[in-house]
Amino acid sequence: MPNKVLDGIMGLCVADALGVPVEFTGREVLRKNPVTGMRSYGTYNQLAGTWSDDTSTTLCLADSLSKGLDYDDIMKRFIMWFEEGKYTPHGEVFDVGNTTRKALMRFTQGKAPLECGGLSDNDNGNGSLMRILPIVYYLLANYGTEITENDEAMAIIHNVSSLTHAHKRSLIACGIYCSIAAMIIGSTEPTAVSLGISKAVEFYRRHEEYKDELSHYERLNNKSFASVPIEEIKSSGYVVDTLEAAVWCLLNTNNYKECALMAVNLGEDTDTVAAVAGGLAGLYYGYGSIPQEWLSVIVRRDYVEGICSRLNEALSQRNL
């Protein structure tokens, strides 16, 4: 049977690795010297195929979910990554967001998992969005395809985000992204993306407590969003910018390679924008669409794919 876990997570991992060498590089610089494939060194002086915290924290979540949903266990795996270098390509951590770092410190100080995430306006980086994808597989296996029709399923998405990012703006971003991913898994029709967005927005409109924050996603929900000029697409680490940029790249390309490269070449937070876009593109086009020359240099590829397979096997009896 198709391994949708492999499609999405490897799509995320490969795009992440494409973006690592040029993180924080401006768009104008990349226009003159665009990324066309895997590079070595660059921003973090890493070997080609090296993935970042985007993939590491995604693997933490995926590995934990293969044994069931346990927020305490997820946080413990984040700590293993952060403090011990587990779930990393080379045994060391080289990139951690401030909001995530603070949340993990709170957990080590005894805070309950769901009380660790940042709640201020300044805690709306993309650190939970970049790792949220594995929960989609769990929800589809346990709640069926209509996750936005199920308050409990959406609460789980919000809880997984809240481990590090608990502001409602971040919760909404994760909810929209998961809804898009679920629609793509159910159908690769061109309308799957817009349907995923609209279903999530409808959910948040039904829940008064999200009304004020939903305004940040009005442009994304506009039917003409794909036509927004590239100059108006921001690729910063702000969660709204990252979600918009990732979806825009998916809507304006025709295959995995084009989508991943477009995301990276937007510049700035290149690894995360690409990872978020790459997860969706991997789901949409499938594992087989990822260029073999990129896959072949992914560091610890067997390890990453092994975690994907474990989660897929754990959920396969539930008809994922």
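Student: How far apart are the closest N and O atoms of D63 and R77 in their salt bridge?

Tutor: Side chains of opposite charge can pair when their charged atoms come close. A salt bridge here is a side-chain nitrogen of Lys or Arg within 4 Å of a carboxyl oxygen of Asp or Glu, and in the bridge between D63 and R77 the closest N and O atoms are 3.3 Å apart. D63 lies in helix 3 (residues 53–65) and R77 in helix 4 (residues 71–84), so the pair ties together parts that are 14 residues apart in sequence; helices are DSSP runs (H or I, at least four residues), numbered from the N terminus. This is a predicted model, in which local features need pLDDT of at least 70 and side-chain atom pairs count only at pLDDT 80 or more, while totals for chains, interfaces and linings use all residues. Residues are numbered from 1 along each chain as its sequence is written, and side-chain values use heavy atoms, with hydrogens and water left out.

Student: Are D63 and R77 buried or exposed?

Tutor: Buried means under 20% relative accessible area, exposed over 50%, and partly exposed in between (1.4 Å probe, protein chains only). D63 is buried at 7%, and R77 is buried at 10%.

Student: Which residues are linked with D63 in a network of salt bridges?

Tutor: The network links D63, D73, R77 and R310, and the structure as a whole holds 12 salt bridges.

Student: Where do K199 and E146 lie, and how many residues separate the pair?

Tutor: K199 forms a salt bridge with E146, with the closest N and O atoms 3.1 Å apart. The pair links distant parts of the chain, since K199 belongs to helix 9 and E146 to the loop between helix 6 and helix 7 (151–162), 53 residues apart. K199 is buried, with a relative accessible area of 16%, whereas E146 is partly exposed at 35%.

Student: What is T272 in contact with, leaving aside its neighbours within four places in sequence?

Tutor: Contact means heavy atoms within 4.5 Å. With those neighbours within four places left aside, T272 is in contact with D54, N126, M130 and T242. T272 is found in helix 13 (residues 270–285) and is buried, with a relative accessible area of 3%.

Student: Where is G117 found?

Tutor: G117 is found in the loop between helix 5 (98–108) and helix 6 (134–143), and it is buried, with a relative accessible area of 8%. Leaving aside neighbours within four places in sequence, G117 has contacts that include A103, R106 and H165.

Technical notes: Helices (H or I, at least four residues) and strands (E, at least two) are DSSP runs, numbered from the N terminus.
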